[in-house]
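Visitor: I would like to learn how to read the inside of a protein model. Could you take me through one, step by step?

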Amino acid sequence: MEKQNFDNKVIQWVDDRLPVFSYMNHEYNEFPMPKNLNYFWNFGALATIVLVTMIVTGIVLAMQYTPHTTLAFDSVERIMRDVNYGWLMRYIHANGGSMFFIVVYIHIFRGLYYGSYKAPRELIWMLGVVILLLMMGTAFMGYVLPWGQMSYWGAQVITDFFTAIPFVGEAITTWLRGDFVIDNATLNRFFSLHYLLPFVIVGVVAFHVMALHVTGSNNPDGIDIKDPQDTVPFNPYFTAKDSVGIGAFLIVWAAFVFFAPNFLGHPDNYIEAQPLSTPAHIVPEWYFLPFYAILRSITFDIWFLEAKLLGVIAMGASIMILFILPWLDTSKVRSARYRPLFRLFFWVLLVDCVILGIVGAKSPNDLVISGVEWFEYKTLGLLATIYYFGHFLVLIPIIGKIETPKPLPTSISKPVTGGGGSAPAGSASAAKKEKA
Amino acid sequence: MHKITMKAAMAACFLFGATMTTTVANSAEMMSFPKKDWSWQGVFGTYDRGQLQRGLQAYKSVCAACHGLKFIAFRNLTDLGYSAAEIKDFAKTIEVTNKEPNDEGEIFKRPGRTDDYFPDPFPNKQAARAGNNGAFPPDLSLVVESRVGGADYLYALLTGYSEPPKGVKLGEGMSYNKAFPGHQIAMPPPLADGAVEYKDGTKPTVAQIATDVTAFLAWASEPNMEARKSMGIKVMLFLFAFLFVLIGMKRRTWANVH
């Protein structure tokens, strides 16, 4: 990293000894960004904003919250009623969880569409998957803290997954819960971890961004930066563009916080946890529904493996598979803009995920179409699950082999010229050209 | 063309979110209840003070015999439009158990003070069940927030009592209620015409009392709702103006990039 010269002597003095100003200047001021980024490239910045807001509101809430089974629910109500602007903090935090997942899911699908997971950005992508896993853990444990009915029974269902592990399942579950049942020990450790994990996320985000600043951002054309004409400095161009996204996003978030604060929640969580009374339907938060559908889609034993264990494995695998995606994709062309077949199946995958989400919200034995007896939601769930894995394990490798990509532009600043651009070496079209 | 794809994608993402949330909402909604026009609905909705005051009167004379309201303190009743003096007088009419023992070491009862909370009608859950044919009358502080259908459900429940349809056998001490999940409810019909004598002269029909109590309990579920909405309108006005400025700034910055 090059050292800068600063007019201010104090800044210069500090920078000579601790080059934070040079660093900030290099990474966030003059850092070259592809100039053709669209608004989907806002979502990384949006996720950062949510993460910081969640930590700030969370710390404030923790000052008033009591992690004890007899007091947790009441302390949350005290925050809502008696603490100055406690309702505001809690509604921002509770809806912030949903906003975080909306933003991150769009961020992930953007990466899928424009091939941001491909070389040389594989590690950025994998760190992103780690962040997603940490977020899921944090969100789940946070939802348990108010100690409402869904908190309690959600914790019951999720920790029960671990009993599916052969031989040692029961012991591991007891160890995780800290008790034979979900009780105060469980609540305490969830509170402790819910406070810890966001800071772990901050750490992984730092690596995510660090790795990003090695390769630079991908772009909608998915081609490499060829010359300085292709880029603009981060500041002011992307500080301005990200600000627009943040402004729009805050409107959406505020609309929920102020006008529909409980829309994304479940009414049952305003009933204090009752260990002896199970709610009619235990439903996770909306952002877990697709995974919940995959979990419940496997209702049959295979050989000596029980359905429950298989469901847990399938659910875990649905995320783990993202780690190897960079190596499953056989096409060297990144952006779906130039991959007609891949683009089609991208949209099918998105629809498949929506279907999984719907299945996750329904009772497994409800009929998808009334009157069609054999077509229950669990059947639809199984089909959608098979398709989900098929997309990554079968379609993605095959599409890369058989697809003829459209000609790539020669550079970001020079859009496709009449003769068509050159495809990167190793891509399907390049291979064909070599043969010809 | 790229712009169009992007807009389509944006729309798809939005649709994704929307379907998800409505599915959750729909699947939770096992029964639907007739929608009533409540004064607090909508962005600008506020509570109707007269309605809340009548609701408090009805709660005190009808519901409070079996149902607690543990998150509401008498001091909170300023929200209903009462003065400090009125609340002081109201608190005195309710007997509460002192939390600390007296000098003789005995827990004692005394008239309420403004900082006291509404007392629970039963000393413990077992006593509550024993006094109610085995059923536990839930605390009502969050009843509107914690039931699918909210205020509409509560109103439908309070007005939903009838003779059981032919062929429906009720358990001992149970009543038929078309709004209650399973239609068998342990609570006997709580309201009757004239069950409350309203101070403001409103005619106390079952529908009227049910409306008032529902409004009062909606307030009890979320006493800060009015503060939330009025802040929300200001926040929204600011954010839209702010976004407008940001868009202008962005356009200016990018004007010479091609």
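**Reading a core**

Guide: In the largest nonpolar core, which has 95 residues, the members that touch the most others are Ala47(A), Val50(A), Phe100(A), Val103(A), Leu356(A) and Val359(A). A nonpolar core is a set of buried Ala, Val, Leu, Ile, Met, Phe, Trp, Tyr and Cys residues joined through C-beta atoms within 7 Å, and a residue is buried if 20 or more other C-beta atoms lie within 10 Å of its own, with C-beta atoms placed from the backbone. This is a predicted model, in which local features need pLDDT of at least 70 and side-chain atom pairs count only at pLDDT 80 or more, while totals for chains, interfaces and linings use all residues. Residues are numbered from 1 along each chain as its sequence is written, and chains are lettered from A in the order in which they are written.

Visitor: Which residues does Val103(A) touch?

Guide: Leaving aside residues up to four places away in sequence, Val103(A) touches Phe43(A), Leu46(A), Ala47(A) and Val50(A), where contact means C-beta atoms within 7 Å. Apart from this core lies another, of 42 residues, including Tyr47(B) and Trp219(B).

Visitor: How far apart are the centres of the two domains of chain A?

Guide: Taken over C-alpha atoms, the centres are separated by 23 Å, and the contact takes 28 residues from domain 1 and 21 residues from domain 2.

Terms used: Domain bounds come from an automatic or database domain assignment. Two residues are in contact if their C-beta atoms, placed from the backbone, lie within 7 Å. A residue is buried if 20 or more other C-beta atoms lie within 10 Å of its own, exposed if 12 or fewer, and partly exposed in between; C-beta atoms are placed from the backbone.
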